[in-house]
Protein chains: 2
Amino acid sequence: MMQTYTIGQLGRLTDTKVETVRYYERIGLLPHPPRSVGNYRVYDGAHLARLGFIRRARELGFPLDQVRELLELSGQEARSCEQVDELVQAHVTDIERRIHDLQTLRQELTQLLAQCQHGKIAECRIIEALQPRVTG
Amino acid sequence: MMQTYTIGQLGRLTDTKVETVRYYERIGLLPHPPRSVGNYRVYDGAHLARLGFIRRARELGFPLDQVRELLELSGQEARSCEQVDELVQAHVTDIERRIHDLQTLRQELTQLLAQCQHGKIAECRIIEALQPRVTG
DNA sequence: ATCCACCCTGTAGTCACTACAGGGTCAAGA
DNA sequence: TCTTGACCCTGTAGTGACTACAGGGTGGAT
Ligand SMILES: [Zn+2]
Ligand SMILES: [Zn+2]
Ligand SMILES: [Zn+2]
Ligand SMILES: [Zn+2]
């Protein structure tokens with residue numbers, strides 16, 4: 001009576017390309033499912049849940065090795081969630097650093113754009129700013 | 001009397017790894033330099049300037065194919081800088097989109113962290129939020 | 001002569017997929 | 001029964017922008 005799924009169905013349910021599901025299996029993130037007589041992969045609800053977890057974590061920007069850790073931790077129900085916190089907090093810090101870097105970049109580029117007088121390339125401040133100071 | 005540089009010197013002057021300089025040559029971003037009798041690459045000031053330009057553009061986050069366009073444009077001095085503007089503006093827009101995406105992510109994660117009660121993993125809201133709603 | 005820092009080529013690894021090529025399976029309709 | 005067409009299989013290679021070797025050759029100083 002257990003519900004089963006083909007790889008395509010699993011993909012549709014989790015918004016995952018079929019190739020990606022196979023990729024997750026190849027790198028050991030999803031277990032090898034049993035096969036049908038025609039050699040098709042046969043998934044069940046547990047696979048669906050696990051893939052859903054992976055995809056949600058990916059949406060939240062966790063790299064796959066951190067997803068792996070989160071999966072590992074999620075199975076140890078009696079344990080304290082301290083490590084989960086740490087992992088998520090580190091990820092937030094990383095995201096904040098990336099935001100900061102991009103804001104700096106945006107600032108620099110916007111300043112360049114503001115200086116451009118829309119003339120010939122020979123006088124363009126943007127191109128000029130890219131020319132390195134050739135200290136000779 | 002023309003100044004020349006080995007690949008290592010060029011790398012030091014532009015903060016570029018030697019492998020990266022060779023990589024730029026391989027993909028046609030830097031011209032093949034002449035070689036010494038011992039088959040060493042021999043660079044001159046023009047190479048140095050071009051590599052400097054590439055590295056500065058990379059620091060500003062331009063992908064290599066846009067760097068290629070910028071290099072192309074920078075050589076056409078009589079032309080209007082309209083295309084330069086467009087390219088840079090598109091890049092800024094892209095950066096702004098990335099900032100926005102990261103801020104959304106940060107918000108989601110921060111909310112998750114705030115909900116965690118620091119108990120057992122079985123009750124952890126973070127893990128819970130990653131479990132997909134298994135709608136039968 | 002020997003050392004060491006530097007240079008050479010070529011290949012493979014990174015991350016997280018994605019895109020084929022070249023086949024096999026399965027259910028439905030004519 | 002035959003044939004479509006949607007789906008599945010494996011294996012390999014491509015993406016961006018490098019980075020890291022392995023296994024050798026070169027050049028200058030001691
Ligand atoms: Zn302009
Ligand atoms: Zn301009
Ligand atoms: Zn906690
Ligand atoms: Zn918790």
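Is Tyr24(A) buried or exposed? The points below take this up, together with the zinc site.

1. The model is predicted. Tyr24(A) is buried in it, its relative accessible area being 3%. That value falls under the 20% cut-off, which is why Tyr24(A) is classed as buried.

2. Tyr23(A) has a relative accessibility of 35% and therefore counts as partly exposed. Two aromatic pairs are counted over all chains. In one of them, the rings of Tyr23(A) and Tyr24(A) lie 5.9 Å apart, centre to centre, with 45° between the planes, and the pair is tilted.

3. In chain B, Tyr23(B) and Tyr24(B) form a tilted pair, because the planes of the rings stand at 45°; the centres are 5.9 Å apart. Tyr23(B) is partly exposed at 34% relative accessibility, whereas Tyr24(B), at 3%, is buried.

4. Which residues coordinate the zinc ion (ligand 4)? The donors are the SG atoms of Cys81(A), Cys116(B) and Cys124(B), at 2.2 to 2.4 Å. The pair of Cys81(A) and Cys124(B) crosses between chains. Cys81(A) sits in the loop between α4 (64–74) and α5 (82–115) of chain A, and Cys124(B) in the loop between α5 (82–115) and α6 (125–130) of chain B. Both of these cysteines, Cys81(A) and Cys124(B), are buried.

How values were computed. Residues are numbered from 1 along each chain as its sequence is written. Chains are lettered from A and ligands numbered from 1 in the order in which they are written. This is a predicted model: local features need pLDDT of at least 70, side-chain atom pairs count only at pLDDT 80 or more; totals for chains, interfaces and linings use all residues. Side-chain values use heavy atoms; hydrogens and water are left out. Donors are N, O and S atoms within 2.8 Å of the metal (3.2 Å for Na, K and Ca); water is not among the atoms, so sites may look incomplete. Helices (H or I, at least four residues) and strands (E, at least two) are DSSP runs, numbered from the N terminus. Buried means under 20% relative accessible area, exposed over 50%, partly exposed in between (1.4 Å probe, protein chains only). Rings of Phe, Tyr and Trp (its six-membered ring) pair if their centres lie within 6.5 Å; planes under 30 degrees apart count as stacked, over 60 as edge-to-face and the rest as tilted.
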